[in-house]
Amino acid sequence: MPSAAARMRTLPVGSVGVRASGWWGMMCLIGTEAALFAYLLFSYYYFAVQFGRSFLPNELPSVRLSGPDTLILILSSVAVWWGERGIRQGSTVRLAIGLLLGSVLGAVFVGIQYLEWLDKPFVLSADSYSSLYFTITGFHMAHVAVGVLILVVLLAWSVLGYFDRVRHAAVSIGAIYWHFVDAVWLAIFFTFYVTPYLGW
Amino acid sequence: MAVTEYDRAPLVEESTTDSPLARKLEALWETEPGIVGFFTTVDHKKIGIRYIVTAFAFLVVGGLEALVMRIQLARPNMTLLTPEQYDQLFSMHGLTMIFLYALPILSGFSNYLFPLLLGSRDMAFPRLNAFSYWVYLASGIFIYASFAMGHGANDGWFNYVPYALKAYNPGPNMDFYALGMVFLGISTTVGSANFIVTAFRTRAPGMSINRLPIMTWGTLTVSFGNLFAVPSVSLAFFLLWMDRQLGTHFYDTTADGQPLLWQHLFWMFAHPWVYVIVLPAMGMVSDGLPTFCRRPLVGYTAVVLSTVATMVLGFGVWLHHMFATGLPFLALSFFSGSSFIITIPSAVAVFAWIATIWTGRPVITTAFLYFASFIAMFTIGGVSGVMTASVPADFQLTDTYFVVAHIHYVLIGINLFGVLGGLYFWFPKMTGRMLSERLGRWNFWITFIGFNLGFLPMHLTGLFGMPRRIYTYPPDLGWNTLNLVTTVGAFMLAFGILLLFVNIFHSLRHGRIAGPNPWDGPSLEWAVPSPPPPYNFAVIPVVASRHPLWEKRLGEGIGESSVARGLVLDHGKETIGTTVLDAQPDVILKMPEDSWSPFTVTLGMSVGFTGLILTYWTPYGWAAAAAGLVLTGLGVLVWLWPERKLGQVAEHAHA
């Protein structure tokens with residue numbers, strides 16, 4: 001005779017915070033994307049070591065646009081973080097405001113980046129530096145664009161009332177991606193706008 | 001509307017596959033029959049078998065390409081093929097075997113077996129699993145479309161620049177290969193993420209990390225490797241495509257580009273890839289071989305650690321493919337040293353297998369023969385590999401048939417033979433019927449002799465100086481007999497593989513009924529019927545040792561595993577989520593229904609990549625590419641839309 005039924009301890013059901021499979025999947029995506037940008041930056045440093053000063057453009061890149069742009073991106077991360085903290089306490093309104101601010105600041109970042117593209121005296125096919133500059137910043141801009149779309153979709157879902165104190169795994173997953181995209185920018189910024197001044 | 005809850009204490013009960021609970025689960029997990037089910041299924045068992053069948057189809061195609069080349073090379077000055085045809089054949093042969101066969105076949109086995117080995121009901125991301133298969137298929141078709149049009153890849157599987165650049169290779173051949181590899185990389189990456197999360201998060205309670213079957217360790221390890229290696233090759237191919245079509249200067253020397261960047265990016269991926277396509281097969285041997293030796297594997301912990309060590313070190317040896325490119329002496333020394341060191345963890349597995357046979361009571365079956373010969377050929381392929389780790393020897397051997405012989409001992413010896421052994425081992429689980437042992441012996445011996453007849457002499461061909469990738473050779477260089485012998489061996493190998501297919505088709509209908517555990521195996525997949533029901537386990541088992549089905553005999557572990565009695569999870573499609581190290585129950589995971597999304601997103605991406613290749617002929621290709629991007633985005637949005645049934649939506653807004 002089978003032994004009597006028993007009960008296990010109570011477990012959460014469904015997508016909950018870092019217990020959600022999606023959160024672990026996002027960690028994998030971030031790992032592989034980090035590797036992608038590492039290989040892109042490897043290509044930059046490889047050329048820099050191979051060719052020295054002649055690899056860089058005559059006029060070194062300036063922080064006139066990229067500096068404020070970097071601050072804007074950091075602020076957008078702060079906004080999204082603040083919104084996500086809000087939903088953890090059950091505030092859908094704070095979440096929506098955070099996501100709205102984050103996506104607007106992200107879009108502004110892309111706009112300013114585009115201005116900087118127009119500002120450059122060279123084009124994609126000029127030489128290996130220009131190819132790398134547009135490719136790396138282009139890859140990053142594409143990631144920011146996807147990130148903004150994710151924030152907008154999350155905003156729509158939060159307005160639809162999909163999230164509460166317990167059920168907001170999608171927000172945490174989208175937010176961690178957004179912070180990652182911002183962190184990648186810091187590595188790119190350091191590479192293109194700081195290392196040329198560190199001397200050859 | 002399904003009523004869901006935020007938390008629940010699941011029942012623990014005893015159940016079998018003919019209980020009311022099992023019938024309820026069957027209805028929940030079953031794939032709809034017919035054409036709709038074909039496109040929408042997310043059942044890991046169906047997807048796994050699809051992977052295996054498709055990978056074998058590519059194996060046959062790649063094999064036929066090889067046979068045509070072997071006819072051309074059988075005698076000197078043959079004119080069966082033109083040089084261009086020969087270039088396309090060896091390139092397509094290489095990329096087919098390495099990218100479209102070698103990993104997908106292992107992914108197939110892992111897909112089929114992971115949830116069964118782990119005591120779970122499906123992969124962590126069932127829809128992503130279906131998606132990775134569809135993308136694999138679509139990218140394979142994409143790459144082969146070029147060959148069908150007469151524009152197949154023609155620069156070898158590692159595709160060196162500058163020959164792959166537009167100035168020297170103006171046709172669309174390289175564009176197909178480049179975009180196809182970026183496309184395939186998506187499949188590999190999402191598949192890897194799925195294996196990692198599945199192995200980390202969806203194990204039976206109690207299956208702590210030191211109780212994982214070795215095959216799971218192998219696939220888990222290479223999946224990590226893939227996450228970090230695949231971006232390198234996807235990027236390399238994408239930059240190549242940009243150089244060819246958008247006029248960038250990454251690889252050409254006219255504007256501070258550097259052809260060696262290609263070799264770096266390619267081999268930073270491709271050397272780890274060598275381990276990616278052998279470590280899971282080594283894991284299959286580590287799980288299969290002990291079953292036939294009637295004892296647990298010797299040195300479980302050492303084998304696991306050496307598996308991980310091999311992968312990690314595998315990222316630090318890529319330069320040994322580039323010894324002849326004029327690198328600094330220091331770099332040569334370092335990478336030669338690391339290439340010697342990596343043999344140590346590989347040897348650990350070999351000694352563990354030998355000790356397992358030595359101290360066991362081997363039962364000689366076809367599967368055992370494949371596993372045992374795997375060890376022998378691993379040793380040969382390993383030794384010829386160490387020889388090329390030595391810089392002076394490599395200067396002599398590089399770009400000769402010696403390297404071709406080495407790579408075939410690695411890929412056939414350590415991948416195909418493990419896979420064939422695994423097929424004989426797990427075929428009964430997948431189909432419910434045994435493969436014929438009598439035909440199996442013929443299959444094994446002809447394959448084994450044919451392979452060694454073909455490829456052992458090839459080492460000599462290389463030592464006698466025959467370069468690889470030449471479409472013919474003059475008669476007076478002493479290579480004639482060796483080449484003829486290799487051709488004979490290649491055809492014998494092909495005949496051996498043909499016998500395998502005969503065996504499969506015969507046994508599918510007439511094979512002996514297997515029952516749940518025909519080999520008296522130790523792990524959880526043997527606890528369920530053959531073939532397993534759609535939900536795998538009626539109740540989620542609880543595990544107390546490495547060998548749940550052997551533990552009464554072995555007396556290992558603390559307490560007892562419980563397979564028939566376990567967690568009841570039947571409020572919709574559910575499985576258990578557990579903690580990474582100790583496999584403590586952590587969450588009840590809601591699993592998705594069958595879905596069109598994986599297929600439709602793949603279609604969207606196919607439109608996108610087809611658009612990009614069309615830009616070679618017409619600027620309208622860009623419009624198609626943009627349309628594909630939009631379709632893909634919309635498809636992903638539909639896919640990810642939060643569902644109440646999956647526990648992704650608030651029960652009461654503002655609760």
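Predicted model: local features only at pLDDT ≥ 70, side-chain atom pairs only at ≥ 80, totals over all residues.
Residues are numbered from 1 along each chain as its sequence is written, and chains are lettered from A in the order in which they are written. Local features need pLDDT of at least 70 and side-chain atom pairs count only at pLDDT 80 or more, whereas totals for chains, interfaces and linings use all residues.

Between the chains, 50 residues of chain A are in contact with 56 residues of chain B (C-beta atoms, placed from the backbone, within 7 Å). On the side of chain A that touches chain B, α1(A) gives the most, with 16 residues; helices are DSSP runs of H or I of at least four residues, strands runs of E of at least two, both numbered from the N terminus. This side of chain A comprises 28 nonpolar, 16 polar and six charged residues (nonpolar: Ala, Val, Leu, Ile, Met, Phe, Trp, Tyr, Cys and Pro; charged: Asp, Glu, Lys and Arg; polar: the others, Gly among them). Strand β2(A) runs antiparallel to β1 (residues 7-8) of chain B, joined by two bridges (pairing requires at least two bridges found by DSSP). In β1(B), B:Asp7 is the bridge partner of A:Pro12.

Chain B is divided into domain 1 (37-510) and domain 2 (597-640), with bounds from an automatic or database domain assignment. Their contact takes 14 residues from domain 1 of chain B and 13 residues from domain 2 of chain B. On the domain 1 side, α5(B) gives the most, with seven residues. The C-alpha centres of the two domains of chain B lie 30 Å apart.

Technical notes. Contact = placed C-beta atoms within 7 Å.
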